[in-house]
Amino acid sequence: MQGQNQERWRELCARAAVEQDAEKLLKLTEEIVRLLDEKQDRISRRNRAATRKTDQIQTPLREKK
């Protein structure tokens with residue numbers, strides 16, 4: 001799925017680069033932004049998950065007093 005989005009993103013950018021109609025250009029850019037937002041969400045979720053795992057590993061065990 002992610003590979004398809006990357007291919008779609010590139011296709012939309014190529015079309016937007018030559019589009020002369022303002023309404024069509026707006027629709028293309030809206031779709032590009034949507035795809036980029038989805039990608040950012042995936043990256044953020046992955047980073048949060050990695051941070052949680054790292055925190056669990058690096059949290060020192062407290063000594064009992």
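Colleague: Why does arginine 15 count as partly exposed?

Modeller: Buried means under 20% relative accessible area, exposed means over 50%, and partly exposed lies in between (1.4 Å probe, protein chains only). Arginine 15 has 40% relative accessibility, so the label is partly exposed. Before we go on: this is a predicted model, where local features need pLDDT of at least 70 and side-chain atom pairs count only at pLDDT 80 or more, while totals for chains, interfaces and linings use all residues. Residues are numbered from 1 along each chain as its sequence is written, and side-chain values use heavy atoms, with hydrogens and water left out.

Colleague: What makes the contact of arginine 15 with glutamate 11 a salt bridge?

Modeller: The term requires a side-chain nitrogen of Lys or Arg within 4 Å of a carboxyl oxygen of Asp or Glu. Here the closest N and O atoms are 3.5 Å apart, so the pair meets the definition. Arginine 15 and glutamate 11 are four residues apart in helix H1, which means a separation of about one helical turn.

Colleague: Which other residue forms a salt bridge with glutamate 11?

Modeller: Arginine 8 does, again with the closest N and O atoms 3.5 Å apart. Glutamate 11 and arginine 8 both lie in helix H1 (residues 2-18), three residues apart. Glutamate 11 has a relative accessible area of 37%, so it is partly exposed; arginine 8, with 32%, is also partly exposed.

Colleague: How do you know that glutamate 38 and arginine 34 form a salt bridge?

Modeller: Their N to O distance is 2.3 Å, and this lies within the 4 Å limit, so the term applies. Both residues are in helix H2 (residues 22-58), four residues apart, or about one helical turn. Glutamate 38 is partly exposed at 29% relative accessible area, and arginine 34 is partly exposed at 37%. Back in the other group, salt bridges that share partners join Arg8, Glu11 and Arg15 into one network.

Colleague: How many salt bridges does a search of the whole structure find?

Modeller: That search finds four.

Colleague: How many helices and strands are there in the chain?

Modeller: There are two helices and zero strands. Both kinds of element are DSSP runs, numbered from the N terminus: helices are H or I with at least four residues, and strands are E with at least two.

Colleague: What share of the residues of the chain counts as buried?

Modeller: Of the 65 residues, 9% are buried.
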